[in-house]
Amino acid sequence: MSTATAILPHDRERAAAERAGIDESCRGPVLYFAASAIFWLLAGSILAIIASVKLHSPYFLTGIPELTFGRVRMAHLQGVSIGWTSMVTMGGSVWMMCRLCRTELIYPKLLYVSATLWNIGTLLSISGILLGDGQSIEWLDAPRYCPPFFIAGLGIVSAWVAATFRRRREKHVYVTQWYILAAVFWFPWLYTVAVFMISWSPATGVVQPIVNWWFNHNFLGLWLTPVAVGTAYYLIPKIIGRPVHSYYLSITGFWALALFYSWAGMHHLIGGPIPAWLATASTVGSMMMFIPVIAVGINHHMTMRNHFHRLKYSPALRFTVFGSITYTWVSFQGSIESLKDFSEVAHFTHYTVAHAHLGAYGFVTMIFFGLYYYMIPRLTGREWASSTLIRIHFWCASIGITIYFVGLSIGGWWQGRMLNNPDVSFASITQYLLPYLFSRTVAGILLTIGHIAFATSFLMNLAGWGKKRAGGPTYFVEKAPTV
Amino acid sequence: MNPANIAVFAVVIGSIVLFGTATIMALGWAFRDGQFDNFEQGAASIFGPDEPIGEPTDAFPR
């Protein structure tokens, strides 16, 4: 265990050189993943705004078949889920794994191949959907010619993470490594099986939506969630310089997630024509998710206890803590949504859309923004050039997702109440929802402004506009007090 | 059962066996390797002489 008081300068320099060497080995491929992800985030944001405007102004961009609501919305989902979050997940996993294993990345050039394959697949997916090749299967709506690119790209990343782990010099497997190893094992299996059963050898009848929602829910639960939670478990203690509050609880949380999350997907089909036991088992699995979520929530909160003032000084911490708090909230909400009585109102309404965005954006994306703000300066050797841009990004993102969530949750809940009332006409429900749908567009514009600020910061950093890093932390407003 | 259904069935059962076996093996390895023996040491494993406990490692740029 290293504490600040008992370290010889020589040891510090040696360790810093080792860490710098590891970052250097990852630089090219991880920055390629990171830059690609930002590109798809911007593309996905534009598609999202178009789709959102069409919901309250249906004559917007009419006459262009490529930009009809159905296609644009699917393309947006591919851009942000496959393009943005998945590419950050892969690049971030490689970087964190190398650091935690204390080993340099081997054969980095092959990861360029992986990222290129993923980019080709995403480009084909978005353009194919806009041109009318989409599959009309939620989340798996990429045209049939795309999955081979994703499977090949993913296979390389998974193999590289495993190879890095095999070469590790740090004996202990930190909880973040458990999460990453699980994600790179689970997701290739999940995706390949889902594509096989949906596209290549299609399951028929009710099995198809079962496979579909098993994949969709686990895309968040077994791919994005493990890496995002693992990232928070790495960043929060590292940034504040304090070990995680209860390591026992963190390991318990990981294994509980491994055990229960994959059951939960069927709660999306409550009320649908699936066997009752399947929906009930899924509800049980969803309620059991309280265990890992409470474990993570307590752990992150107690680790941050007496250190919340550091949110003022660290951009990475600010985003990461926002995402961690949201994880607790969105997971509790998801478990409650799996109850049949609750689903009677909330299901098939904008309430679910609000929940999905709170998970994918408020939780996962915010933690990934935190990862960028921590990781990129260590890869490029440059500090961020503008604290103003970071602040614009943070406030646009946090206010934007709050407006989005609150607006659609309220509108969606009343939408569900009215849909259950046979005396209320469908036309009046549509009319009632207009202000809430408008708030969604306002939120989307705010989020996009934040993304532009974020992309600008990133490009400025790559261009070398930031100050050269001296090796230690730098401070913005004033030097943060040491612990 | 037609060939397509057999293929689907094989994928589902095969996946459950593969997934379950891998999970049990990973857990067994972790216990044998002593990964769960000293939690306090495990929590401190991400720190080093260059980034020790007690030193914050990130801040806004000046």
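Chain A contains 14 helices and zero strands. The model is a predicted one. Read along the sequence, the pattern of chain A is α-α-α-α-α-α-α-α-α-α-α-α-α-α. The C-alpha trace of chain A spans about 75 × 45 × 40 Å along its principal axes. Of the 483 residues in chain A, 54% are buried. Contacts in chain A were also sorted by sequence separation. Among those with a separation of 6 or more, 85% join residues 24 or more positions apart.

Chain B gives another picture. Two helices and zero strands are found in chain B. For its 62 residues the globule rule gives 11 Å, but the radius of gyration of chain B is 22 Å, well over that value, so chain B is more spread out than a compact globule. The C-alpha trace of chain B spans about 65 × 40 × 15 Å along its principal axes. Buried residues account for 32% of the 62 residues of chain B.

The two chains touch. Chain A contributes 57 residues to the contact, and chain B contributes 34 residues. On the side of chain B that touches chain A, α1 (3-32) and α2 (39-43) of chain B each supply at least two residues. The most comes from α1(B), with eight residues. By class, this side of chain B holds 19 nonpolar, nine polar and six charged residues.

Within chain A, helix α6 was examined against two partners. The axes of helix α5 (residues 175-200) of chain A and α6(A) come within 9 Å and cross at roughly 160 degrees. Angles over 145 degrees count as roughly antiparallel. That makes α5(A) roughly antiparallel to α6(A). The crossing of α5(A) and α6(A) is left-handed. Their contact comprises 20 nonpolar, five polar and no charged residues.

The other pairing is with helix α12. The axes of helix α6 (residues 207-240) of chain A and helix α12 (residues 350-380) of chain A come within 10 Å. They cross at roughly 45 degrees. The two helices, α6(A) and α12(A), are therefore oblique to each other. α6(A) passes α12(A) in a left-handed crossing. On the α6(A) side, the contact is made by A:L220, A:L224, A:A228, A:T231, A:A232 and A:L235. These meet residues of α12(A), including A:G359, A:A360, A:F363, A:V364, A:I367 and A:F368. A:G370, A:L371 and A:Y374 of α12(A) also take part. By class, the contact of α6(A) with α12(A) has 12 nonpolar, three polar and no charged residues.

One residue beyond the helices was also examined. A:R469 lies in the segment after α14 (426-462) of chain A. With 16 other C-beta atoms within 10 Å, A:R469 is partly exposed. A:R469 and A:P377 are 92 residues apart along the chain, yet their C-alpha atoms are separated by 7.5 Å. Not counting residues up to four places away in sequence, A:R469 touches A:P377, A:G381, A:R382 and A:E383.

Terms used. Residues numbered from 1 in each chain as written. Chains lettered and ligands numbered in written order. Predicted model: local features only at pLDDT ≥ 70, side-chain atom pairs only at ≥ 80, totals over all residues. Axes fitted to C-alpha atoms, helices over the stretch in contact; angles between N-to-C directions. Helix = DSSP H or I, 4+ residues; strand = E, 2+ residues; numbered from the N terminus. Parallel < 35°, antiparallel > 145°, perpendicular 65-115°, else oblique. Left-handed = near helix turned anticlockwise from the far one by under 90°. Contact = placed C-beta atoms within 7 Å. Nonpolar A, V, L, I, M, F, W, Y, C, P; charged D, E, K, R; others polar. Buried ≥ 20, exposed ≤ 12 C-beta atoms within 10 Å, placed from the backbone. Rg over C-alpha atoms; globule rule 2.2 N^0.38 Å.
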